[in-house]
Amino acid sequence: VKGDSSKKAATTPPPFVTLFDTLAPAESDQVLGPDAVERLCTDMQVEPDNVLLLVLAWVLDASKMGYFTREEWESGIQQLGSAGTPHALRQQLETVHAQTLRDIERLRGLHKFAHKFCREERRKNIDVQSAQVMLKMTIGPLFSEHVSNLVRFMGEKEQLAKAGVSLDEWTMMLQFCREIDSTCSNFQDDGAWPVLLDDFVEWQRSQLE
């Protein structure tokens, strides 16, 4: 009997996997679609545009917005395996997010993932609206003044509405926020920055005149 009990314990899925099963629709136990994700948000008491959903997608390396496959979900066991309820999952995601804001390498990872996550099929750039939302979500808590100004600038730059934001531009925005002061007084126009950020500095200085 003891052996049977040990075998049963060894095959018991982690709470995080059980949570997937409670959310999975009856017609498919392999994918959580928009309805299931919306239910998860409701149960966690967060809005769908909350940064915690982005953190979850990042931890799972989700490939499509609004969907989590079972395989992606199970890849998060190491970080989220003990979260067997929406409330517990929210707490774990809040912890992961707080750790990420304190660790520049992790923050770079989340920031880069946000760009990939927003890209439409076969496109290398993300649209301005997505860039504005994701910038506020990923690095807004740390660099609120720069991010607020960048969001305004992107909204006013007509050319950007057509071209979108490239991964290089997106990545350098984080570096810019970390290195350049809020008045851009220490910005060096030495060709090291993307043209988009050169234009932003020019725009920013004109706002201060």
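**View 1. Packing of helix α12 against helix α13 in the predicted model.** The axes of α12 (residues 167–179) and α13 (residues 195–208) come within 9 Å and cross at roughly 45 degrees, and the two helices are therefore oblique to each other. The contact brings E169, M172, M173 and F176 of α12 against L196, L197, F200 and V201 of α13; by class, seven of these residues are nonpolar, none is polar and one is charged.

**View 2. The largest pocket and its lining.** This pocket holds about 380 Å³ of space and is lined by 21 residues, among which P48, L53, M65, G66 and F117 lie nearest its centre. Two or more lining residues come from each of α3 (34–44), α4 (51–60), α8 (104–118) and α9 (128–138), with α9 giving the most, namely five residues. Sorted by class, the lining of the largest pocket comprises 15 nonpolar, four polar and two charged residues.

**View 3. The second largest pocket and its lining.** About 190 Å³ of space lies in the second largest pocket, whose lining is made up of D61, A62, S63, K64 and M65 together with K116, F117, C118, R119, E120 and R123. By class, this lining has four nonpolar, one polar and six charged residues. M65 and F117, named here in the lining of the second largest pocket, are also among the residues that lie nearest the centre of the largest pocket.

Note on methods: Residues are numbered from 1 along each chain as its sequence is written. This is a predicted model: local features need pLDDT of at least 70, side-chain atom pairs count only at pLDDT 80 or more; totals for chains, interfaces and linings use all residues. Side-chain values use heavy atoms; hydrogens and water are left out. Axes are lines fitted to C-alpha atoms, for helices over the stretch in contact, and angles run from 0 to 180 degrees between N-to-C directions. Helices (H or I, at least four residues) and strands (E, at least two) are DSSP runs, numbered from the N terminus. Angles under 35 degrees count as roughly parallel, over 145 as roughly antiparallel, 65 to 115 as roughly perpendicular and the rest as oblique. Contact means heavy atoms within 4.5 Å. Ala, Val, Leu, Ile, Met, Phe, Trp, Tyr, Cys and Pro count as nonpolar, Asp, Glu, Lys and Arg as charged, and the others, Gly among them, as polar. On a 1 Å grid over the protein atoms alone, a cavity is a set of points where a 1.4 Å probe fits but cannot get out, and a pocket is an open set with protein on both sides within 12 Å along at least five of seven lines; lining residues have an atom within 4 Å of a point. Grid points are joined across faces, edges and corners, and a volume is the space filled by probe spheres set on the points.
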